[in-house]
Amino acid sequence: MDISLVGELTSDNSSVLSFEVEKNIDLANESERIIPSTVKFDSSVYTTAANNSYSYASYEPEDESSKHPLVIWLHGGGEGGTDVQLPLLGNKVTSLVSDEFQDTMGEAYILVPQCPTFWMDDGTRTYVHGFSDPELKIDETKDSMYVQDLGELIKAYVNDNENIDRDRIIIGGCSNGGYMTMRMILEDMDYYAAAYFSSEAYRGEVLTDEDVDNLTNSKIGMYFVYCETDTNTPPSLCTIPTYDRLKEAGKDNLHLASFETVRDTSGLYFQEDAVTPVQYDSHWSWVYFFNNEVVSDDDSTNMWMWLSEQSQAGQESQGSNTGLILGVAAASVVIAVVVIKKKSNGGAS
């Protein structure tokens with residue numbers, strides 16, 4: 001690795017005259033890697049009654065004097081495994097512990113479970129069902145192998161944290177995680193206050209009429225976001241038919257936000273012409289969620305503010321009204337350990 005210093009570099013208001021880069025870093029060793037954006041998270045492993053182990057990341061609010069909501073994020077298909085840095089950094093999940101999100105929520109617990117493979121795994125490393133081929137026959141006998149274990153993990157975490165408001169447990173996720181979000185609320189409809197979905201992979205035709213009736217009559221608020229040009233989980237097969245059936249059935253507290261494309265909005269990343277913002281994969285509608293840029297198509301309900309208001313008790317939460325703050329677009333993560341040598345005003349440090 002060849003790195004040179006170009007221009008002025010400062011640290012703690014002191015000029016950096018030289019630096020060295022550690023050449024031998026064991027990134028598999030958590031004690032040797034420094035990832036500033038994830039330091040607020042704790043990482044743990046939960047072992048279920050069936051002796052299955054799951055890694056998860058979590059965050060606890062600083063305020064211990066009152067109860068706070070729990071926001072659960074379920075990762076997409078590419079962040080499975082045993083290293084919780086993957087679901088935290090694969091997308092900008094770290095925004096959930098940002099000042100902006102926490103202020104909006106009035107402080108919230110955050111739980112990011114990680115499955116060893118992918119949430120739609122039927123137990124044979126095969127997807128429960130496809131989500132991009134309209135001609136694909138659905139096998140309704142298949143189910144995710146993780147439904148029971150994930151429910152057990154979530155309830156164990158809630159039981160271990162007495163300051164979690166049991167009326168304000170919110171679950172959501174993207175793609176595979178959106179599929180799993182739907183499975184979890186169908187499995188335990190009275191447990192969750194709200195569910196939020198981004199480019200979810202649950203085929204609309206898999207929902208039975210009974211499922212639609214139960215969701216319609218439940219207290220669960222639901223918010224969907226998608227990109228119209230998504231070819232991975234086409235909205236015409238997943239989000240739209242589900243939303244339309246719920247809307248037709250009279251579901252309250254139901255919101256939908258759509259985008260034509262997924263573009264960078266930070267003003268930092270451009271295409272080769274240095275003018276046109278970078279366009280991301282059309283599947284990545286969650287970029288807008290993590291940047292607090294999602295408002296519903298019908299009444300401009302801001303998604304973060306909506307999350308802060310969800311409660312099974314039907315009471316508005318203590319979330320701040322300052323939540324309409326735009327975040328920074330998702331970007332690549334660079335990991336490095338730097339040893340800095342600096343000289344300040346006449347002294348050494």
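Reply: Met 303 has its place in helix α8, which covers residues 303-308. The model is a predicted one.

Me: Is Met 303 buried or exposed?
Reply: A residue counts as buried under 20% relative accessible area. Met 303 has a relative accessibility of 1%, so Met 303 is buried.

Me: Which residues does Met 303 touch, not counting residues up to four places away in sequence?
Reply: Residues up to four places away are left out here. What remains for Met 303 is Tyr 196, Phe 197, Tyr 223, Val 225, Phe 289 and Val 294.

Me: How far apart in space are Met 303 and Leu 256, C-alpha to C-alpha?
Reply: In sequence, Met 303 and Leu 256 are 47 residues apart. In space, the C-alpha to C-alpha distance between Met 303 and Leu 256 is 9.7 Å.

Me: Where is Thr 301 found, and which residues is it in contact with beyond four places in sequence?
Reply: Thr 301 sits in the loop between α7 (286-290) and α8. Its relative accessibility is 18%, so Thr 301 counts as buried. Leaving aside neighbours within four places in sequence, the contacts of Thr 301 are Tyr 223, His 255, Val 294, Val 295, Ser 296 and Trp 306.

**Aromatic pairs**

Me: How many aromatic pairs are there?
Reply: Rings of Phe, Tyr and Trp pair if their centres lie within 6.5 Å. By this rule the count of aromatic pairs is 16.

Me: What is the geometry of the aromatic pair of Phe 101 and Trp 304, and which parts does the pair tie together?
Reply: The rings of Phe 101 and Trp 304 are 5.0 Å apart, centre to centre, with 90° between the planes, and the pair is edge-to-face. Phe 101 belongs to helix α2 (residues 99-105) and Trp 304 to helix α8, so the pair ties together parts 203 residues apart in sequence. Phe 101 and Trp 304 are both buried. The geometry is thus edge-to-face, and the parts tied together are α2 and α8.

Me: What angle lies between the planes of Tyr 191 and Tyr 192?
Reply: Tyr 191 is buried at 17% relative accessibility, and Tyr 192 is buried at 2%. Tyr 191 and Tyr 192 form an edge-to-face pair, 5.2 Å centre to centre, and the angle between the planes is 80°.

Me: Which residues do ring pairs link into a cluster?
Reply: A cluster here is held together by ring pairs. The residues linked in this way are Trp 73, Tyr 196, Phe 289 and Phe 290.

Me: Which residues of α6 are buried, and why do they lie on the same side?
Reply: Helix α6 covers residues 239-249, and its buried residues are Thr 239, Thr 242, Tyr 243 and Leu 246. They lie on the same side of α6 because they cover an arc of only 95° around the axis. An α-helix has 3.6 residues a turn, so residues three or four places apart point the same way. The buried residues of α6 pack against α4, α5, β9 (221-227) and β10 (254-259).

Me: Which residue follows α6, and what is its phi?
Reply: The residue that follows α6 is Gly 250. The phi of Gly 250 is positive, near 95°.

Me: Which residues of α5 are buried, and which are exposed on the other side?
Reply: The buried residues in α5 are Asp 211, Val 212, Leu 215 and Thr 216. They cover an arc of only 130° around the axis, which puts them on the same side of α5. Their cover includes α4, β9 and α6. On the other side of α5, the exposed residues are Asp 209, Glu 210 and Asn 217.

**The second largest pocket**

Me: How much space lies in the second largest pocket, and which residues are the closest to its centre?
Reply: The space in the second largest pocket is about 230 Å³. Of the 16 residues that line this pocket, the closest to its centre are Glu 140, Lys 142, Arg 183, Tyr 202 and Val 206.

Me: Which element supplies the largest share of the lining of the second largest pocket?
Reply: The lining residues divide into 7 nonpolar, 3 polar and 6 charged. α4 (176-187) and α5 (209-217) each supply at least two residues of the lining. The largest share, 3 residues, comes from α4.

Definitions and conventions
Residues are numbered from 1 along each chain as its sequence is written. This is a predicted model: local features need pLDDT of at least 70, side-chain atom pairs count only at pLDDT 80 or more; totals for chains, interfaces and linings use all residues. Side-chain values use heavy atoms; hydrogens and water are left out. On a 1 Å grid over the protein atoms alone, a cavity is a set of points where a 1.4 Å probe fits but cannot get out, and a pocket is an open set with protein on both sides within 12 Å along at least five of seven lines; lining residues have an atom within 4 Å of a point. Grid points are joined across faces, edges and corners, and a volume is the space filled by probe spheres set on the points. Ala, Val, Leu, Ile, Met, Phe, Trp, Tyr, Cys and Pro count as nonpolar, Asp, Glu, Lys and Arg as charged, and the others, Gly among them, as polar. Buried means under 20% relative accessible area, exposed over 50%, partly exposed in between (1.4 Å probe, protein chains only). The arc is that of the directions from the helix axis to the C-beta atoms. Contact means heavy atoms within 4.5 Å. Rings of Phe, Tyr and Trp (its six-membered ring) pair if their centres lie within 6.5 Å; planes under 30 degrees apart count as stacked, over 60 as edge-to-face and the rest as tilted.
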